[in-house]
Amino acid sequence: MEANQRIARISAHLHPQNFQEEDRSLLRRDDCRAKGGTPGFKVAILGAAGGIGQPLALLMKMNPLVSALHLYDVVNSPGVTADISHMDTAAVVHGFLGQSQLESALTGMDLVIIPAGVPRKPGMTRDDLFKINAGIVKTLCEGIAKFCPNAIVNLISNPVNSTVPIAAEVFKKAGTYDPKRLLGVTMLDVVRANTFVAEVLGIDPRDVDVPVVGGHAGVTILPLLSQVKPPSSFSREEIDYLTNRIQDGGTEVVQAKAGTGSATLSMAYAAVKFADACLRGLRGDAGVVECAFVASQVTELPFFATKVRLGRTGAEEIYQLGPLNEYERSGLEKAKKELAESIQKGISFIRK
Ligand SMILES: NC(=O)c1ccc[n+]([C@@H]2O[C@H](COP(=O)([O-])OP(=O)(O)OC[C@H]3O[C@@H](n4cnc5c(N)ncnc54)[C@H](O)[C@@H]3O)[C@@H](O)[C@H]2O)c1
Ligand SMILES: O=C(O)C[C@H](O)C(=O)O
């Protein structure tokens, strides 16, 4: 490559506002070249300049499985890109600003993570975000269907119980839908559940595994405390305390942030934990199992969060719920009632 081409390539990914059509082929070639020669996956973050997007970009830049990291937003992506790109880790970082650069941001991606959209303020439910976020998710998924239809999608934008059905409908309309590749991110519920259960048991949260099923809002978040690992028993008081705290974890943060947003740092941690599991699955690692909100036949609902096995093609196996106690069976009925409405709301938004 000529010296002037090398400079143009560097300039194009540091200053996405100056991005020219002819830069595209240079960027593609650059994406194929992981610094240090390590092969890896290409990952895009849509909403990369936001409260979740920035720490998520930081942590993905540190992930050795990532060779190219595309940071897309409608504002501020040049600054975030310049900042993150100075980290001396292998992933090559490119920034993309605004709808006209969505194609370049998405082309060739293996994994697309979507934290784009508005967060809650105190007093709001996640469903109150539907009005704004439904349209954002629709537009971004139309881009994915066009420019990287085979990518795995990790959808974070709320209300997840509705945005995942929206994404599915967009992909169906475009003829690109593969349920295995569309995953609603519920990992933060598991991260919280592991932490709160570990506090009660007085053990290291890294040694705890709590399956959290259902969906990602209020009563639809259903921790299965009877299936906690290591096997543990809880008093009725502890079960009530843990179930409520896990279901209200998001609200706890929204209230503490007092109008400035919702969980961003713990969410970025959870998103990276989940994205890393997806990438290990894509690489062909065996036994990668995490909870996610996916198309499912575990209940009568078309989508449901359970443990899934992640493989080369996405969510390759959806696990059944396992034995539930009376408390969990009653929680499941409440969860399904609310979930059914949220799922239908998402589907109707596209089919209307
Ligand atoms: N699934 C979960 O567990 C979970 C956890 C926390 C937050 N969330 C949700 O994640 C979303 C983002 O939260 P946040 O705190 O990062 O919000 P934020 O407002 O800080 O950031 C959102 C970013 O999205 C960008 N954006 C808006 N429209 C866009 C578009 N059309 N294309 C690309 N980018 C666009 C904004 O410019 C902003 O940078 C919210 O909907 C929030 O409720 C989900
Ligand atoms: O609670 C929110 O609005 C954000 C997110 O869904 C969370 O669980 O923290």
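Trainee: At what angle do helix 7 and helix 12 pack?
Mentor: This is a predicted model: local features need pLDDT of at least 70, side-chain atom pairs count only at pLDDT 80 or more, and totals for chains, interfaces and linings use all residues. Residues are numbered from 1 along each chain as its sequence is written, while chains are lettered from A and ligands numbered from 1 in the order written. Helix 7 is residues 160-174 and helix 12 is residues 326-351 (helices are DSSP runs of H or I, at least four residues, numbered from the N terminus). Their axes, fitted to C-alpha atoms over the stretch in contact, lie 7 Å apart, and the angle (0 to 180 degrees, between N-to-C directions) is about 35°.

Trainee: How many charged residues does that contact have?
Mentor: Contact requires C-beta atoms, placed from the backbone, within 7 Å; Glu169 and Lys173 of helix 7 make it, among others, with residues including Lys345 and Arg351 of helix 12. Counting Asp, Glu, Lys and Arg as charged, the contact has eight nonpolar residues, five polar and, as charged ones, four.

Trainee: Where do the buried residues of helix 4 lie?
Mentor: In helix 4 (residues 77-85), Ser77, Pro78, Val80, Thr81 and Ile84 are buried, with 20 or more other C-beta atoms within 10 Å of their own. Down the axis they fall within an arc of 165°, so they line one face of the helix.

Trainee: Which helix gives the most to the shell around ligand 1?
Mentor: 33 residues surround ligand 1, each with its C-beta atom within 6 Å. The closest are Gly47, Gly50, Gly51, Ala116 and Asn158. Four residues of the shell come from the top contributor, helix 6.

Key: Helices (H or I, at least four residues) and strands (E, at least two) are DSSP runs, numbered from the N terminus. Two residues are in contact if their C-beta atoms, placed from the backbone, lie within 7 Å. A residue is buried if 20 or more other C-beta atoms lie within 10 Å of its own, exposed if 12 or fewer, and partly exposed in between; C-beta atoms are placed from the backbone. The arc is that of the directions from the helix axis to the C-beta atoms.
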